[in-house]
Amino acid sequence: MSAPARPAPAGSRESATRTYRALWRWHFYAGLVVAPFLLILSITGAIYLFNDEIDDALYPTRRFVPAHVAQLPPSRLVDAALSAHPGKVTRIDMPAAANRPAIVFVTPAAGDPLRVAVDPGSGRVLGDYIYTRTLVGMADTLHGSLMLGWWGGLVMELAAGWAIVLIATGLYLWWPRGRRGLAGVVFPRLHLRGRVVWRDIHAVTGVWTVALIAFLLLTGLPWAQVQGDVIRDMLSRVGGGYPVSHATSNAPSSAPMKAALGSAPWTLEGAPMPVSAMPSAHAEHMAPAGTTDRAAIAGLDAVAATLARDHALAGGYRLFPPAGPTGVYTAYTYPDRPQGQRSLYFDRYSGRLIRDVGFADYGIGARAIELGVQLHMGNYFGTVNQIVMLLPCIGIVVLVVSGVAMWWKRRPAGRLAAPPRVPGARVAGAVAILTAAGVMMPVLGVSLLAAAAIDLLVRWRSARATPI
């Protein structure tokens with residue numbers, strides 16, 4: 001029989017209490033600042049998890065067509081879209097199934113870019129829409145940048161970084177020090193009332209969803225404004241990113257793939273685009289800037305035929321006409337399982353295949369990220385994947401609501417009621433962890449330094465205001 005545990009010395013208990021209260025203060029302020037952004041991330045993320053299902057339900061007339069056996073060539077589909085909506089065509093998404101339309105991307109002379117749905121069997125225009133004015137489009141844009149462009153993306157990156165701080169401090173606060181039984185630890189005591197029941201709901205929800213929330217945050221970082229470039233650069237330096245041939249081909253004369261096309265697989269976003277060798281005889285036949293290049297549109301048919309004949313791609317890919325005299329035809333697939341990703345580039349004049357890059361060509365780090373991306377979006381395992389990723393979205397909403405409820409019930413009227421400062425708390429380990437996180441995530445690191453500076457300034461002003 002083991003001897004009974006000795007009670008901890010009073011000094012040890014006092015030190016642990018100081019550490020607890022100090023981390024509670026950090027947890028409080030981090031939650032207060034990022035709570036609204038976490039709500040936006042979770043709600044918009046939940047919507048985007050079911051993007052196809054939502055679009056199919058809301059816009060069936062432009063999402064479905066009578067199943068067709070024969071398909072019109074891409075140039076005919078582009079011509080149909082331009083007849084209804086004149087402008088410049090930048091992309092056409094070829095249907096992946098016989099009952100789905102082609103989507104032609106048109107940039108009109110004035111107004112927002114349009115997506116035009118065309119029946120690939122008859123060439124009939126089914127409708128058009130502005131992506132950011134659809135429910136899914138708004139959720140997508142809010143999720144990534146609050147619809148505020150680069151700066152909005154930076155804010156969301158900052159929120160994601162501080163959410164990681166919330167996870168670390170929350171786990172410390174939850175840890176059942178000396179508490180007996182599982183009530184309030186792994187299941188809430190719903191028979192209680194007031195702040196205690198909200199605390200239980202908050203803690204238990206956090207512990208059951210923490211792993212999935214952390215997974216969502218970490219797999220979302222590659223898309224972040226600053227962190228995405230940091231990760232991509234790190235992988236390229238160690239040979240774990242996009243193929244080495246892309247890093248040197250035609251650089252620096254060509255643009256990165258995402259900048260040139262507007263979209264690309266994550267691994268290839270920064271990869272320099274190949275270029276076409278323009279014969280001098282073609283120079284005088286180039287279309288003026290801002291208008292559709294009719295010769296380039298006509299060439300889409302030969303590229304589509306080559307893809308079907310030589311590369312087993314009859315549909316389900318995104319096809320981009322060349323931009324400018326040295327541009328190339330680009331086709332890439334973006335399936336739910338990244339192992340099927342392929343990006344092919346064709347010379348605009350000869351139709352020659354310049355490069356064919358697939359998932360097997362990516363470095364091991366890029367493969368892991370592409371896999372994480374599809375799991376993050378709920379694509380890889382279909383409905384099961386969507387439901388599993390929905391759980392942390394719901395968990396974040398519950399955490400925010402319960403956290404606000406706890407604060408509201410403990411605060412005196414008209415006061416913020418933040419946890420007080422705790423001088424002398426032993427938080428060296430937490431500081432070391434935050435320092436390491438700040439080095440790996442520059443935006444979080446800068447914000448941590450700013451928060452520390454503000455705290456020091458407040459302490460200094462408080463000390464000066466205290467009478468001697």
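At what angle do the axes of α5 and α6 cross, and within what distance do they come?

Modeller: This is a predicted model, in which local features need pLDDT of at least 70 and side-chain atom pairs count only at pLDDT 80 or more, while totals for chains, interfaces and linings use all residues. Residues are numbered from 1 along each chain as its sequence is written, and side-chain values use heavy atoms, with hydrogens and water left out.

The axes of α5 and α6 cross at roughly 70° and come within 6 Å. Here axes are lines fitted to C-alpha atoms, for helices over the stretch in contact, and angles run from 0 to 180 degrees between N-to-C directions. Helices are DSSP runs (H or I, at least four residues), numbered from the N terminus. The two helices, α5 and α6, are therefore roughly perpendicular (65 to 115 degrees) to each other.

On the α5 side, the contact (heavy atoms within 4.5 Å) is made by L142, H143, G144 and S145; α6 contributes G149, G152, G153 and M156. These residues divide into 2 nonpolar, 6 polar and no charged. In this scheme Ala, Val, Leu, Ile, Met, Phe, Trp, Tyr, Cys and Pro count as nonpolar, Asp, Glu, Lys and Arg as charged, and the others, Gly among them, as polar.

The loop between α5 (135–145) and α6 (149–174) holds M147. M147 has a positive phi of about 60°, although it is not a glycine. At 41% relative accessibility, M147 counts as partly exposed, that is, between the buried limit of under 20% and the exposed limit of over 50% relative accessible area (1.4 Å probe, protein chains only).

Note on methods:
Parallel < 35°, antiparallel > 145°, perpendicular 65-115°, else oblique.
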